[in-house]
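Please examine the sequence and the 3D structure shown here.

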Amino acid sequence: MTDLLHDGLGRTLQATHFDELGARYEGKVRDNYTTRDGRRILIATDRLSTFDVVVGTIPYKGQVLNQLAAHWFAETAAIAPNHVISVPDPNVTIAHECEPLKAEFIMRAYLTGVTTTSIWYAYERGTRRFCGHALPDGMKKNQKLERPILTPSTKAEKGDHDLSVSRAELLAMGERLFAFGQKRARERGLILVDTKYELGRKRDGQIVVIDEIHTPDSSRYWYADDYEERFSRGEEPRGLDKEYVRRWLVSERNYRGEGPPPTLPDEVRVEAARRYIATYELITGTKLVLDTSEPMARIRKALSI
């Protein structure tokens, strides 16, 4: 696998430009196309975003994200409806076009994080009320919270429509999804530490989960087997998510998102890819079969363009 990942370093999917598909919107990781018939085509690239900055590309990351999101969307469809129509390619999801709600819903079960918006960053600096939740004195980094808390944050405005569901319904949806994700992760020997949900409204008014769910980009995963032992020694938990890259940037380059990002060494990119793939395989219980063909031509063929 390591040789395969090294071979993929020079063939990462950095960006797409398929004008035939419709209006293009570039997110930090996904290239989105809105079609004339009311669909959204999401292409997961290999870009890695952390500290709200694209810091480079990770081999096959897009394939992992897209397919793991598809897995979780299928697993949680009975708990909360989502935007997925089909997944015609390892990097591609075809979905209903939705109007994103003006908030994203972040569920947190542990006192952790290294970004300036993380709960640990605030707690370490004396904050004892985080997004309306009271926090006791004397807690340590990576300690489990008494119960998972929801910490919504606002997003850039897009439209001014009223929500068609109550705040209580939205909160309950997030809590159900997180509880299910934690249960499934625990069955696979992992801890789902925190995650982010984005919601949108379809043209018929239905509120659905959009973007992605429980991936290593939107979630933090730790190994469960040695969490307690490492916590008791004051050590960082073993993780399987992009926190590995964040920590490297902070510890090795003192970078937290200010200015142009430093270049990621190949060994960091390969290790990040290994962790993404390991997350997929642990959660799904299946081996990830990577498509090593040229991605642009493959995606064109899958979308018949």
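The following sections describe the nonpolar core and then several salt bridges.

## Basis of the report

This is a predicted model, in which local features need pLDDT of at least 70, side-chain atom pairs count only at pLDDT 80 or more, and totals for chains, interfaces and linings use all residues. Residues are numbered from 1 along each chain as its sequence is written, and side-chain values use heavy atoms, with hydrogens and water left out.

## The nonpolar core

A nonpolar core is a set of buried Ala, Val, Leu, Ile, Met, Phe, Trp, Tyr and Cys residues joined through side-chain atoms within 4.5 Å. Buried means under 20% relative accessible area, exposed means over 50%, and partly exposed lies in between (1.4 Å probe, protein chains only). The largest such core here has 63 residues, and those with the most contacts inside it are Leu 199, Tyr 221, Leu 249 and Leu 264. Helix H7 (residues 266-284) gives the most to this core, namely 9 residues. Helices (H or I, at least four residues) and strands (E, at least two) are DSSP runs, numbered from the N terminus. In soluble globular proteins, nonpolar side chains tend to be buried together.

Leu 249 illustrates the packing. When its neighbours within four places in sequence are left aside, Leu 249 is in contact with Thr 50, Phe 51, Val 55, Asn 254, Tyr 255, Pro 262 and Leu 264; contact means heavy atoms within 4.5 Å.

A salt bridge is a side-chain nitrogen of Lys or Arg within 4 Å of a carboxyl oxygen of Asp or Glu. By this rule, the count is 32 salt bridges. One of them joins Glu 20 to Arg 300, with the closest N and O atoms 2.9 Å apart. This pair links distant parts of the chain, 280 residues apart: Glu 20 is in the loop between helix H1 (2-7) and strand S1 (23-26), while Arg 300 is in helix H8 (residues 295-303). Glu 20 counts as partly exposed because its relative accessibility is 47%. Arg 300, at 28%, also counts as partly exposed.

## Salt bridges within helices

In helix H4 (residues 167-187), Arg 184 and Glu 187 lie 3 residues apart, about one turn of the helix. Their side chains meet in a salt bridge (3.4 Å, N to O). Arg 184 is partly exposed at 27% relative accessibility, and Glu 187 is partly exposed at 48%.

Helix H7 holds Arg 275 and Glu 271, which are 4 residues apart and so separated by about one helical turn. Their salt bridge has its closest N and O atoms 2.8 Å apart, and both residues are buried.
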